[in-house]
Amino acid sequence: MPPATSRANRLCIAMTQHDPDDGHGRSPTAATRRTLEIITAFAFMLLGSLVMWDSHRIGAGWTEEGPQSGYFPFYIGLLMNIASLINLLKALRANREIPFVSRAEIRLVLAIFVPSLVYVGFMQWIGLYVASAVFIAVFMRWQGKFSVLKSGLTGVIVSVILFGMFEIWFKVPLIKGPIEAALGF
Amino acid sequence: MDEVQALFQGFAVALSPVNIGLMFVGILLGVLIGVLPGLGGANGVAILLPLTFSMNPTSAIIMLSCIYWGALFGGAITSILFNIPGEPWSVATTFDGYPMAQQGQAAQALTAAFTSSFIGALVAVLMITFTAPLVAKFALKFGPPEFFAVQLLTFCSFVGMNKGAPWKTLAAMFLGFTLAAIGMNKGAPWKTLAAMFLGFTLAAIGMDNVTGQLRLTFGFEPLMKGFDFLIAVIGLFGIGEILVTMEEGLSFKGKSAKIDAKVVLETWKKLPRYWATYLRSSLVGCWMGITPGGATPASFMGYGIAKRFSPNGKNFGKGEIEGVLAPETAAHAAGTSALLPMLTLGIPGSPTAAVLLGGLLVWGLQPGPLLFVEQKDFVWGLIASMYLGNIAGLIVVLLTVPWFAAILRIPFAIIAPVILVICAVGAYTVHSSMFDVWLMLVFGVMGYVFKKLNYPLAPLVLALVLGDMAENAFRQSLLGSSGSMLVFVSNPLVGSITGLALVMLFWPFIGQWLGRLRKRRGEIDDDDVVEV
């Protein structure tokens, strides 16, 4: 299927061609690895501290009935804090040059992630089947540069297959919206 | 030979027409999952798990475990033809598989990979057949301290096996524990965390669904209470993988594959001379599968050991057939033997085994040593299906490779949104909750960041699954001893397990120290593999 292959390449080209270049064939760094390491370690510590605080609140000690419900989580939180503190210290000493993600890369990541957020947001209102069809069609048209017909058809076919499989075959109801209701489901 | 008799009963269970049909469906789905980026063994099984809730448990596990075998087979296809490892455990297969494909030997490489996978699995299944009943019988004597010690060992070996970053492993593991603990104390911690997660996503949505979540606390099996690890698996492995793949901007420079009977037979003729490699890789794989190293480090170790021992060692990386069969054998042996601790102790050896364990609970089976006593049909049906499933798998992959290779040529602009939709459906079906779908996206971002920062995902998922069990065993042990930690070293059995666990826990530091010592002597250890 040579046309499909070239389309796949076109996807990559279409998605990277507008990126500024630093002259070495690499897109400039959007964030360094060190930054992300530090943020992640802090997030862990924040969570660990929250767990410790809350475990302490509900009781992390001993009673006649044995360990209280906060006992185990409290120490888990403490250990998580210790491990993350060490990760943080290591990250602080890390090389500042190593990129985590370049601008071109993060743009590609957001090209799928932002539409996913919109997709899940709309799912609640218009139902999973319609949202999925629209999501697939729009993404194919926008990023893959497929024709409107092909994009739309692919979206509808995937949704119809899902509908047949879940609603009819396995009888597992998925979230439905007004269009399914109008069709009597 | 009780085992042999039980096994034949198992074959009788597994050989019903429905189960054979499900076996083939599972293998085909599994290969598809293994081939597609963003869908892997663990989250593929997680997505399909809700569909099996109403099935008979034996049929359900036969289908789901066959998906797992299929995914193990499928990973090799993309590695060899496209130099894209479809699964983490097939990374090592690309080292020699892709060069072989470039030299026009794709068919030989694929045949060798599939056959080796099959042999690795077969060795592991034989091992399971004969040792599992013994382990289960032994484990029947376990009390809470022993169980906690074994669970401790499980987690400590993650730290020990992971040569990369022990502290990251620890942090990831504790995160898993924390998430699991949320379910235990249904009240406030859940809200605290739910609020935090909601802060990440959209504050408006989910509150109703949070109360919807509470549905879990009555009616569901103990482990499924609270935070659902299936959502975490789908997000971390599925969405995370899509984001990573997206970033790399897939370039499709694949080789086409045609396998005919002649090539297969010629390759098969060559394979017996590598019996020693098979043996070493199978042993490494079985060991790594039982201790929860998992298939990925096993495949690297299999490759590294073969490289060291092979007379053609210096040709490795240039298209040496031995470099394909060594990692494939080890990966499949590890993937299969990961089910041994799951069946006998209720402790999964890999993320996929963890998902299968979650399945057992949903179908109303209590994993652990009693399974071998109370659910003979189920256990032996599953073990028999491992033999049959792998034979079916070998036949299916050899016949359908061109078809699956064609699927890989579908542009990523179609694949990416379709997989996302499948993941969303999978997340939604777990509890019919929109909140879970949002949570999946949050986990997706986490998976992406964790993958790039080398925070391991497997211990996180395992801790999430085992958290409740480990806490219960821990609390019961302490209750029995009125709070004395000495209960974990109170008899030779529990003492040695705890001791082994501590050795594993401190292994990275011992290793670093030994490494420094060795360096001083001028020796260089060259097969250090950083496992992600």
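Of the 532 residues of chain B, 63% count as buried. The model is predicted. The predictor assigns the complex an ipTM of 0.84 and a pTM of 0.76. The secondary structure of chain B consists of 23 helices and zero strands. Among contacts in chain B with a separation of 6 or more, 82% join residues 24 or more positions apart.

Helix α6 of chain B covers residues 106–139. This helix has 34 residues and reaches 46 Å from its first C-alpha to its last. That span is close to the 50 Å expected at 1.5 Å a residue. α6(B) bends by about 40 degrees at B:T131. A proline, B:P133, follows within four residues of the bend. Of the 34 residues of α6(B), 26 are buried, so the helix is largely enclosed by the rest of the structure.

Among the elements of chain B, helix α2 (residues 17–35) has the highest mean pLDDT, at 88. Helix α9 (residues 188–200) has the lowest, at 26. Over residues 181–225 of chain B, pLDDT stays under 50. The model has 71 contacts beyond four places in sequence for this stretch. Over residues 523–532 of chain B, pLDDT also stays under 50, and here the model has 22 contacts beyond four places in sequence. Where pLDDT is low, the predicted coordinates should not be read in detail.

In chain A, the domain assignment gives domain 1 (31–100) and domain 2 (103–182). The C-alpha centres of these two domains of chain A lie 37 Å apart. A:L128 is found in helix α5 of chain A, which spans residues 128–144. A:L128 has 29 other C-beta atoms within 10 Å; the cut-off for a buried residue is 20 or more, and A:L128 is therefore buried. Residues of both chains touch A:L128. Leaving aside residues up to four places away in sequence, the contacts from chain A are A:M123, A:L174 and A:I175. Those from chain B are B:V425 and B:Y428. A:I38, by contrast, is 90 residues from A:L128 in sequence. The C-alpha atoms of A:L128 and A:I38 are 37 Å apart in space.

Methods: Residues are numbered from 1 along each chain as its sequence is written. Chains are lettered from A and ligands numbered from 1 in the order in which they are written. This is a predicted model: local features need pLDDT of at least 70, side-chain atom pairs count only at pLDDT 80 or more; totals for chains, interfaces and linings use all residues. Helices (H or I, at least four residues) and strands (E, at least two) are DSSP runs, numbered from the N terminus. A residue is buried if 20 or more other C-beta atoms lie within 10 Å of its own, exposed if 12 or fewer, and partly exposed in between; C-beta atoms are placed from the backbone. Two residues are in contact if their C-beta atoms, placed from the backbone, lie within 7 Å. The expected span of a helix is 1.5 Å times one less than its number of residues. The bend at a residue is the angle between axes fitted to the seven residues ending there and the seven starting there. pLDDT is the predictor's confidence in each residue, from 0 to 100. Domain bounds come from an automatic or database domain assignment.
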